[in-house]
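Here's a quick briefing on one protein chain. Have a look at the structure first, then read on.

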Amino acid sequence: MKHLFLLFGIFLFTVGCEKDDPHVPHEEELITTVKLIFTPTDGGSPVEFIFKDLDGDGAKAPEITNGKLKPNTTYTTKISLLNELESPAHNITKEVEEESDAHQLFYNVDSSLKLAATYTDKDSKNFPIGLQMKFQTFEASNGNLTVILKHEPNKSASGVSDGKLDNAGGETDIQATFNVTIE
């Protein structure tokens, strides 16, 4: 009988010491809209690129507003991430900024597009975030610019700090592709 009480006590102790809060997988925020605003550093009107997908993976194709950039021009760029299914629209950009150690935006530029991207913002560990960027255009060209928001990428992996997605890992929160014309 003593052994039974001893086994029962060990069982209760073991169960009582288990972690109460199991790992909860990342629940991604719904991002319906991505806005990129390119502002020429030498003055001039901003150029907006907008990706809006109000039905997510539904049957409707996203609405995309593409823009034209000037050649041989430097632009500062800010991104806005929104959930426009809520009223008023929920600003996801603030959450990405607050959780910047766990997020990074990647900007993949087609080889046909003469455009270079540089990160201008950093998280608390001095890794890039991508909410604020600098873009340099070169000669006239056309191609796609794909913006990808990753949750929990491996920011210390080879090339990730330079914006290379290959070794980033993590989960994709949103991916938006814009057709960019430089003329």
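From the N terminus on, the chain's elements run α-β-β-β-β-β-β-α-β-β-β-β-β. That gives two helices and eleven strands, where helices (H or I, at least four residues) and strands (E, at least two) are DSSP runs numbered from the N terminus. Keep in mind that this is a predicted model: local features need pLDDT of at least 70, side-chain atom pairs count only at pLDDT 80 or more, and totals for chains, interfaces and linings use all residues. Residues are numbered from 1 along each chain as its sequence is written, and side-chain values use heavy atoms, with hydrogens and water left out.

**The chain overall**
- Of the 183 residues, 36% are buried, meaning under 20% relative accessible area (1.4 Å probe, protein chains only).
- Take the contacts (heavy atoms within 4.5 Å) with a separation of 6 or more: 66% of them join residues 24 or more positions apart.

**The core**
- The largest nonpolar core has 35 residues; such a core is a set of buried Ala, Val, Leu, Ile, Met, Phe, Trp, Tyr and Cys residues joined through side-chain atoms within 4.5 Å.
- Strand β11 (residues 171–182) supplies the largest share of this core, five residues.
- Leu 69 is among the residues with the most contacts inside the core.
- Leaving aside neighbours within four places in sequence, Leu 69 touches residues including Phe 38, Val 47 and Val 180.

**A look at Thr 33**
- Thr 33 sits in strand β1 (residues 33–40).
- Thr 33 counts as buried because its relative accessibility is 0%.
- Beyond its neighbours within four places in sequence, Thr 33 is in contact with Ile 50, Phe 51, Lys 52, Ser 80, Leu 81, Leu 82 and Glu 84.

How values were computed: Buried < 20%, exposed > 50% of the residue type's maximum accessible area, 1.4 Å probe, protein only.
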